Amino acid sequence: MARRTVAWAALLGLAGAGLSFTAVQEPGHEAAAGGEEFAANAFPPTLSDTEPHADAWREDGCLRCHETGVGDAPLVVHRDLPPLLLEVKCRTCHVLIPGSRPRERAAAAAAEPFAPNAFPPMMPASAVHDRAWLRDDCLLCHEDGTHGAPLVRHQDLPSLYLEAKCRSCHVQVRAVAAARPEAAE
Amino acid sequence: MGATRRDFIKGAAAAAVVAVAGRRLPAQGVAPEDAARWVKSVCRFCGTGCGVLLAVKDGRIAMLRGDPEHPTTKGLVCAKALFLPKVVHSPDRLTHPLVRKNGQLERASWEEAMELLAGRFAEAIERHGPDSVAFYGSGQALSEESYLASRLFKGGIGTNNVEGNPRLCMASAVGGYVTTFGKDEPMGCYEDIDHARVFFLVGSNAAECHPVIFDRIIARKQGRRDVLVIALDPRKSPIQTNVDLHLDPLPGQDLAVLHAMAQVIVGEKRHDLRFIERNVQFKATRDGQTVAVSFEEYVEFLSQYTPERAQMTTGVKAEKIVEAARLFALGPTMSLWTMGLNQRTRGVWANNLVHNLHLITGQIGKPGATSFSLTGQPNACGGVRDTGALCGNLPYGRVVTDAAHRAEMEKLWSAEPGTIPDKPGLDTMELFKALGEDRIRAMLILTTNPGQSLPNVEPYRRAMGGARPDKPFVAVIDAFPTRTTELADLVLPAAMWSEKSGVFGMSERRYQYMPQVLAPPGEARADLDVLLDFAARLERRGAVKEGFIAGRFQNADDVWEEMREASRGTAYDFRGMTRARLMKERGIRWPAPTEQHPGTARRYVKGEDPLLDEGPYADNSLADGEVKFYAAPEQRAVVWLRPALGPAEPPDAGYPFVLSTGRVLEHWHTGTMTMRAEELRRAYPEAFVEVHPVDAMKLGVRTGDRVKIESRRGAAVIKAWVTERPRPGSVFVPFHWQDEDSLINRVTIDACDPISKQPEYKICAVRLEKV
């Protein structure tokens, strides 16, 4: 895994040395208001109570989504952290709040003009998913959650789908945000 | 959360039961009470013609799902279709006309725009004659639009300068079918996939370019050891996941492999002599003349293509060729091919040689045995090929060089006798050359992006947009800003998929109705409306006979009625496809001469093809299941003795690599639509060039390095992906990206097949340099 988390900086005494770091926060997770005088982004964002987050404690797979934005995951911005922090578990610093919802995603869904689940989930840009194109064995993980893989929900789809390539519908994301095509005029 | 595989299977089975029972299948994510209505329609990307269901609510498409009741695609769709709602509702749509003034495109009214369009065309016709104007259409236009444009230009204005982008992708397949069988279009159908035991994929990355077709092949192959896939392709594309035997010739050398397979078949007496004697003739070209030859002469011709000799020239091991030939003859064999065969300077010949294999083995006209060209666009077949919207064609198998055909269409169109010229107009590449030389004075481009898609594109970009005195006038009708609209003098905003109604005709001769379910954004108009308006203004200016179009047609329904009549007496007869029937049914395959006829799965087969029962092609001496190639000369298909020639620009010391271009699953053609769906854009945000590890090591290139790809014509700078997909000495670049560095068609070659006039996108010589 690549770059890693945030508040180890404080534990290592680096924050006091003036090292800066930032993280993208979900709305509603800002530093407490009303008298508390902490710096913006003083605390690592908390994690909503979702299955991928629960598994991320064990699997260190956070960046699969949070580097590329799969599933509308907020993007990680870990500037100026020492290399050691690139190796630690995300859950070491990011606290999971039981019962909390991913608010940014909910807000995005409310503004989304398309039906819920109108589009098939994207696949992360990881080596195992690169190979899925070749092996068509996605269900080995996704039928029972091996390695924390989200479970497939293909109710009401034609039976032919059972034998089709997953890649026919599930797009593999390779970029955080590509530039929109240039308008000619 | 979620379901186990067992639940998954149970759910799918339940869905199938629901589908069979005819109940509307609720799509995941949209509760029935939430969706205002579900509408059946058809995808607008490739020629697979997937049936789709649209959830329409509050004037928007809330969701798209595959249509499980569709007879051939059975509910399958690919990612591109699923994201079509985002494409249609993109904020990037063109919403008002734009006129170039002082070098800039500026907003204009429709009245100003249409007066400019008609005025410039009428002026060119008056000053320079009818052949000074041209129409360049698209396999994405609706059939009614292509038909009306062809009618206007050929029968109204009096020029055969009518072309379309199928020239760039399908012309060699057309040439192959016409020279072998006498008429265009495949004789088989998608149901043949369910019966084939051998799939012969030639120059086709169906896994990405026709995902639903490939999914059906996978489904057929699943769990059956007797269903095999043979690939003939220099590149190891993602179809390799399901290929049992891969023949990987040097680029451009596959003709010799096809001949060598035929040599094995006849050498081992695996040919079907009875079928040959009843249905086949042999021809060769000698001293520029076509001559009939015997089967024995064909066998003698093949003797120069033994597998061992073919191995020396093509690089394919002889034992692989032998194994492929034996499997092919065993059958039932279904050949499927796309651009790897068509986009070649010997594309027609290559098509002929695939047909040869089917004809000498009798692997044709039976369930699972057919020679099937896959189509890259939704309506290249029904729209451009069938309606005759190419420079040498007239509707439904007619050609401009045949006086009787011209007279038939002039009568139907109420055109003055002699209006349609007796010589073909300019083909696509000649048309754009003529534009650059100012011989074409006005051109109308509809639903296509030649500013990015033409090979060796830079001179043609200058032809369209290069500033010069008295520059020709170029008008573009499109839904999005493109690399072509940026060159145009006039841009007209078009309604797109689901914002207008009409017919798409896909690869298996199935005509399907696409209903309008949305209002176009802003001031965008349906292309047919624009063409009707354009025609009326030309009539008022005297450039077209008064009443030739104005007053005859109000909408696409009116045009369709004339099209049905135009098919009367032809091998395409679809008079039974009334508008009401198409709106109700999930497509109908022609021939379908009466309203009671269900459509034809397999042409040329007694008991299936109604034209063998009644009419000019009828033959009631045949037993059911027997084949008769009634459209071919002497009603026998032709096995051609074609020399195995190579590409126009093989690699050499200065340009030692072969460049091939193609596509990825998530994007389509020049990306003007798929790049508008964020998810698809993020799947492949930038161009890449596949480089074999052996070549990468020599060049010092690693994945992610930027590489300059340079030919004798131009260069592109693209990130490398080191992979074993291409052969050593070959590189592959998809052509979807429009940014300056990635415009790979600056590099490709515009050499064309002498018969089909289709350019050789698949092979040109380049050199690579890490930058």
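Mentor: Helices are DSSP runs of H or I with at least four residues, strands are runs of E with at least two, and the numbering starts at the N terminus. The model is predicted, so local features need pLDDT of at least 70 and side-chain atom pairs count only at pLDDT 80 or more, while totals for chains, interfaces and linings use all residues. Residues are numbered from 1 along each chain as its sequence is written, chains are lettered from A and ligands numbered from 1 in written order, and side-chain values use heavy atoms, without hydrogens or water.

Let's begin with the second largest pocket, which holds about 710 Å³ of space. A pocket is an open set of points on a 1 Å grid over the protein atoms alone, where a 1.4 Å probe fits and protein lies on both sides within 12 Å along at least five of seven lines; lining residues have an atom within 4 Å of a point. Its volume is the space filled by probe spheres set on points joined across faces, edges and corners. In the second largest pocket the lining has 27 residues, and those nearest the centre are A:Asp130, A:Arg174, B:Tyr684, B:Phe688 and B:Trp721. Helix α5 (127–135) of chain A and strand β27 (715–722) of chain B each give at least two residues to this lining. The largest share, four residues, belongs to α5(A). By class, the lining of the second largest pocket has ten nonpolar, seven polar and ten charged residues (nonpolar: Ala, Val, Leu, Ile, Met, Phe, Trp, Tyr, Cys, Pro; charged: Asp, Glu, Lys, Arg; polar: the others, Gly among them).

Now look at helix pairs in chain B. The axes of α4 (110–128) and α22 (527–540) of chain B come within 9 Å and cross at roughly 55° (axes are lines fitted to C-alpha atoms over the stretch in contact, with angles from 0 to 180 degrees between N-to-C directions). That angle is why α4(B) is oblique to α22(B) (under 35 degrees is roughly parallel, over 145 roughly antiparallel, 65 to 115 roughly perpendicular, the rest oblique). Residues in contact (heavy atoms within 4.5 Å) include B:Trp110, B:Met114 and B:Phe121 on α4(B), with B:Val530, B:Phe534 and B:Arg537 among those on α22(B). The contact of α4(B) with α22(B) involves nine nonpolar, no polar and five charged residues.

Next come α5 (143–157) and α23 (556–566) of chain B, whose axes come within 9 Å and cross at roughly 75°. So α5(B) is roughly perpendicular to α23(B). On α5(B), B:Ser143, B:Glu144, B:Tyr147, B:Leu148 and B:Arg151 meet α23(B) residues including B:Trp560 and B:Met563. This contact of α5(B) with α23(B) counts seven nonpolar, one polar and three charged residues.

In chain B, α10 (254–267) and α14 have axes that come within 8 Å and cross at roughly 65°. From α10(B), B:Val257, B:Ala260, B:Met261, B:Val264 and B:Ile265 meet residues of α14(B), among them B:Ile321 and B:Phe328. The contact of α10(B) with α14(B) has eleven nonpolar residues, with no polar and no charged ones.

Finally, follow the chain on from α14(B): B:Pro332 sits in the loop between α14 (318–330) and β13 (333–337) of chain B. B:Gly331 and B:Pro332 are joined by a cis peptide bond with omega about -5°. Most peptide bonds are trans.
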